[in-house]
Amino acid sequence: MSVTTSPAATSSFAPLRQTVFAVLWAATIIGNIGAALMAPTWQAVVPELVGKVDLKSAVALNSLGIDIFRAIGPRQGVTA
């Protein structure tokens, strides 16, 4: 079974498609600004949460979590 669409049907969704793109773009920008502001604060709290003995391990685990999500994030976007 073949589904065909007329140019009139596809062009009627163009404004909606542009609006959705603009909203996603704005949400991405706002989210990235929030992450950029939160990251230094998050990293500065680590020494207050753990003792000096465990500080190296805590910093490594904190960095590992960030790196894992940097690797997983783009992969999720590809499969979506």
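**Exercise 1. How many salt bridges does a search of the whole structure find?**

Ground rules come first. This is a predicted model, in which local features need pLDDT of at least 70, side-chain atom pairs count only at pLDDT 80 or more, and totals for chains, interfaces and linings use all residues. Residues are numbered from 1 along each chain as its sequence is written, and side-chain values use heavy atoms, with hydrogens and water left out.

Step 1. Apply the criterion: a side-chain nitrogen of Lys or Arg within 4 Å of a carboxyl oxygen of Asp or Glu.

Step 2. The search returns one salt bridge. Arg 70 pairs with Asp 67, and their closest N and O atoms are 3.9 Å apart.

Step 3. An α-helix has 3.6 residues a turn, so residues three or four places apart point the same way.

Step 4. Check exposure (buried is under 20% relative accessible area, exposed over 50%, partly exposed in between; 1.4 Å probe, protein chains only). Arg 70 is exposed at 61%. Asp 67 is partly exposed at 43%.

**Exercise 2. Trace the fold and find where H2 bends.**

Step 1. Count elements, taken as DSSP runs numbered from the N terminus (helices: H or I, at least four residues; strands: E, at least two). The protein chain has three helices and zero strands. Its pattern along the sequence is α-α-α.

Step 2. Take H2, residues 14-49. Its 36 residues reach 51 Å from first C-alpha to last, close to the expected 52 Å. The expected span is 1.5 Å times one less than the number of residues.

Step 3. Locate the bend, the angle between axes fitted to the seven residues ending at a residue and the seven starting there. H2 bends by about 30° at Met 38, and Pro 40 follows within four residues.

Step 4. Another proline, Pro 47, also lies in H2. Pro 47 is partly exposed, at 45%.

**Exercise 3. Which helix gives the most to the lining of the largest pocket?**

Step 1. The largest pocket has a volume of about 280 Å³.

Step 2. H2 and H3 (55-79) are the elements that give two or more residues to its lining. H3 gives the most, with seven residues.

Step 3. Sort the lining by class: six nonpolar, four polar and two charged residues.

Step 4. Arg 70 and Asp 67 are among the lining residues, as is Met 38.

Notes:
1 Å grid on protein atoms, 1.4 Å probe; cavity = no way out; pocket = protein on both sides within 12 Å on 5 of 7 lines; lining within 4 Å. Points joined across faces, edges and corners; volume = space filled by probe spheres on them. Nonpolar A, V, L, I, M, F, W, Y, C, P; charged D, E, K, R; others polar.
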